[in-house]
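Colleague: I'd like a close look at one part of this model, and then at what surrounds it. Please keep it brisk.

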Amino acid sequence: MAGGDGGGPLGLLLSVTILVLIGILAFSIRLFSVIKYESIIHEFDPYFNYRVTQYLTKAGIYEFWNWFDDRTWYPLGRVIGGTVYPGLTLTAGTMWWLVNAINIPLSVETVCVFTAPVFSAFAAWATYLLTKEVKGTGAGLTAAALIAMVPSYISRSVAGSYDNEAVAIFALVFTFYLYVKTLNTGSLFYATLNALAYFYMVCSWGGYTFIINLIPIHVLLCIVTGRYSSRLYIAYAPLVILGTLLAALVPVVGFNAVMTSEHFASFLVFVILHVVALAHYIRRNLTPKMYRMALAFVVTVGTASALVLVAVLMALVAASPTKGWSGRSLSLLDPTYASKYIPIIASVSEHQPPTWPSYFMDINILAFLAPAGIIACFLPLSDSSTFVVLYMVTSVYFSGVMVRLMLVLAPAACIMAGIALSAAFDTLTGSIKFQPISPSPSPDETSILASASKPSSLSGREAAKDKSKDAGSDKGKEQLKEKVTRRNRRKEKEIAEKVVVEKKSPKKLLSVLPLEASAVGILLLIILTSFYVIHCVWAAAEAYSAPSIVLTSHTADGLHVFDDFREAYAWLSHNTDENDKVASWWDYGYQTTAMANRTVIVDNNTWNNTHIATVGMAMSSPERQAWEIYQSLDVKYVFVVFGGLVGYPSDDINKFLWMVRIGGGVFPHIKEPDYLRDGQYRIDDQATPTMLNSLMYKLSYYRFVEATLDGKGYDRVRRTEIGKKYFKLTHFEEVFTTHHWMVRIYKLKSPKNRLRGKLKRKTKPSVKKGKSSSPAKQTKTKKKSS
Amino acid sequence: MGSTTADARALVTALRSAYAATPIKLKIIDLYVVYALSTVLVQVVYMSLVGSFPFNAFLSGILSCIGSAVLAVCLRMQVNKENKEFKDLPPERAFADFVLCNLVLHLVIMNFLG
């Protein structure tokens, strides 16, 4: 069953047709957002990738590789060439160049929007190849059909979601396929391809560390369970060397490929593999007694050197504060690490642990089919099936840590469910096919139906068949799936040979289920999979196709579209100077640079915590201090996202506590309890004065009472009336508010040219507030009066 | 103590006699592996004397030697007539794969050497 099915040209044609249809399905199910909205880039991160791809297509690859971007993280800038995973951009750039070279004039945006659906079709084909290596063509086709539709993968690869995962999942599954193929065939050619596919994965996504840790764990498992073979060596050893070199070639990874703890597992297992290989070689060439002596010697020397090596490693690693692991990896291993030490990682909603309903939403029926697949993998257990079981188990653990990693679970669940469904269909259709006609079996004429993949056959009756019945039922019966027919025909050839050879001894008997039970079973499985299809299409259409830059709501008058974000960015790009700096919370940085084309202070890359904390401090401070902070950063415009008028819940007031926490992490005078009344976060009249005076409150609710219908200032998201209703802004002026008040843009007022004498009395109350600036003012006014 | 030295000597002679029986083709491959590994040792000693400043050069140097050794071991496994798993693999195909993999390895090395 494993390793392919030579079902003749008809079987090949059928497989190819099914695969083409699966590819078309994977592509088209992701087009809902293009149909419902328009062909735009979604969310936040894709806008950065889009901007980088634009630069690549305009300036060429050498400029891209050495690009220093001065329009973000003002005044620090960002080295794009060295901090971005180039795989996605280079892939889209190559596709654009190819398509334009054959004179199909697609724009860069179109190529970027449709990269993800195209690569999801490739990912489905890669899953077919991988599952075929593990269990056979039937399981492969089922797994490919499942992954074409699984909602978890759709959520990160809709048309418009131009993010790393779009190509990374394809690279992941393809690398695993090549690894399993090398393991099964022992060919150095596939080992080379495996290393190159791993290189593509390293280029594409930071999740490549999953591969370089999963494969060593699998190798270790094989060694420990006594499955060492030369194929294992050929599959693993070249991958480590070539893979490390190739990973070090990518600028983002660089020397981290040999220096960080994430890669040490691969080196350790490399050494262990060589020890084991040496042991096997010696055992082959020596008598057992000699071998035992040699083993004792090698073990003592080996453990001594391993201890030395481990001691050196630990000394190196213990020198670094995080023991050599990066923050992101530590937060995966210890789920509570991020919330204690790195509030930025903890604040991203994708990094929260998933809830149980999200498993059903994202992988639906696969959630309970996958354990059945795990059992099917044990019958029989091979190197490749241990690998997919290990992949499944580790991805389940990591998906439990972070919602975002449900994406890595999706291919594993599809493979397992594909194996389970295929095995179930095998049993049921086999039961229908091989129904005995005579009720009493005669022991002389039992035949052997060779089948290793029928795990769920509960014991029914024992069937007795002979060669003539095989031929008869073969022509007569109608089959439900022709690939099963192909497999059964091949089995019957085996059976015919075996019956000739072993006619005398009634050995293994197959238990088949009764006819009605099998038919009902097949019907139920078909109904189950149709529920899955319905759920996937619903999830793709309703839940995961929102571009999140354009919002819609269904009102009594029909569809209402909220296009405020693009309105604000367009205003910025048309009404401000090209060198003006814009400050906002880091969520909107990528969109601002891509769409408004203005320099921003912080963006979604979040590489500099202090800079973000500065902006957080500015948003949490009173107006004057915030004005000074922004003035020191050369900021001209500040904008906030406000959802209180229309009920948009992801606005800046809801994110404000994170700004306080992040700012407070670096600047201790910002304390979170100052903004909470009795531990509760409020913006109504019970809110603390620090909260009511903070810049975020003022910028969000300035003139808000004029906008609400009854003039009371009722905030629809927080569901209360606001605390401070009538106030004026002294250091900022409102320049633009979008149609639904969702984005509010303010300009910093320029500093006053002169200070007049009579301002001295007016500035006296502010002496208490602004301690740092008052001495200068007093000396100035004193000088004037004297 | 005496028994262990006697044992060790017996072990060494057993190993040597077993190794002498290997065909000459495999012995040539083994010689190549030993050469590659000794080059690694030379490079590591040099690095400990001089320092590892162009770290990419050092890394590519030792990884190219270790890589060549590993690939030669893979070739030896595939060409070894006693290895049951590879009995239908023609040795020419094994050598062609070995050459291909070495090509890729050295291309990457030359790129990384800097």
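How much of residues 579–638 of chain A is helix, how much is strand, and how far apart are the end C-alpha atoms?

Modeller: Residues 579–638 of chain A are 50% helix and 15% strand, and their end C-alpha atoms lie 14 Å apart. Helices (H or I, at least four residues) and strands (E, at least two) are DSSP runs, numbered from the N terminus. An unreviewed UniProt entry lists this stretch as "domain: STT3/PglB/AglB core". UniProt positions follow the numbering used here, feature names are shortened, and annotations may be inferred rather than shown by experiment.

This is a predicted model: local features need pLDDT of at least 70, side-chain atom pairs count only at pLDDT 80 or more, and totals for chains, interfaces and linings use all residues. Residues are numbered from 1 along each chain as written, chains are lettered from A and ligands numbered from 1 in written order, and side-chain values use heavy atoms, without hydrogens or water.

Take A:Lys581. Its charged end sits over the ring of A:Tyr74, 4.6 Å from the centre. Here NZ of Lys or CZ of Arg must be within 6 Å of the ring centre and within 35 degrees of the ring normal. A:Arg30 likewise lies over the face of A:Tyr153, 4.9 Å from the ring centre.

Next, the rings. Rings of Phe, Tyr and Trp (its six-membered ring) pair if their centres lie within 6.5 Å; planes under 30 degrees apart are stacked, over 60 edge-to-face, the rest tilted. Over all chains, that rule gives 42 aromatic pairs. A:Trp585 and A:Trp586 form a tilted one, with 6.4 Å between centres and 45° between planes. A:Trp585 counts as buried because its relative accessibility is 3%. A:Trp586 is buried too, at 9%. Buried means under 20% relative accessible area, exposed over 50%, partly exposed in between (1.4 Å probe, protein chains only). Ring pairs also link a cluster, including A:Phe642, A:Tyr697, A:Trp741 and A:Tyr746.

Now the charges. A salt bridge puts a side-chain nitrogen of Lys or Arg within 4 Å of a carboxyl oxygen of Asp or Glu. One joins A:Glu623 to A:Lys698, at 3.4 Å from N to O. A:Glu623 lies in helix H30 (residues 623–632) of chain A and A:Lys698 in helix H33 (residues 695–701), so the pair ties together parts 75 residues apart in sequence. A:Glu623 is buried at 4% relative accessibility. A:Lys698 is buried at 11%.

Other bridges deserve a look. A:Lys181 meets A:Glu133 at 3.2 Å, N to O. A:Lys181 is in helix H10 (residues 164–185) of chain A and A:Glu133 in helix H7 (residues 108–134), so this pair ties together parts 48 residues apart in sequence. A:Lys181 is buried at 17%, and A:Glu133 at 6%. A:Arg744 meets A:Glu734 at 3.1 Å, N to O. A:Arg744 is in strand S13 (residues 743–748) of chain A, and A:Glu734 is in strand S12 (residues 732–737), 10 residues apart. A:Arg744 is buried, at 0% relative accessibility. Salt bridges that share partners also join A:Arg156, A:Asp163, A:Glu165 and A:Arg404 into one network.

Last, the neighbouring chain. The contact (heavy atoms within 4.5 Å) takes 37 residues from chain B and 35 from chain A. The rule finds 1 salt bridge across this interface. A:Arg231 and B:Glu85 meet in a salt bridge at 3.5 Å, N to O.
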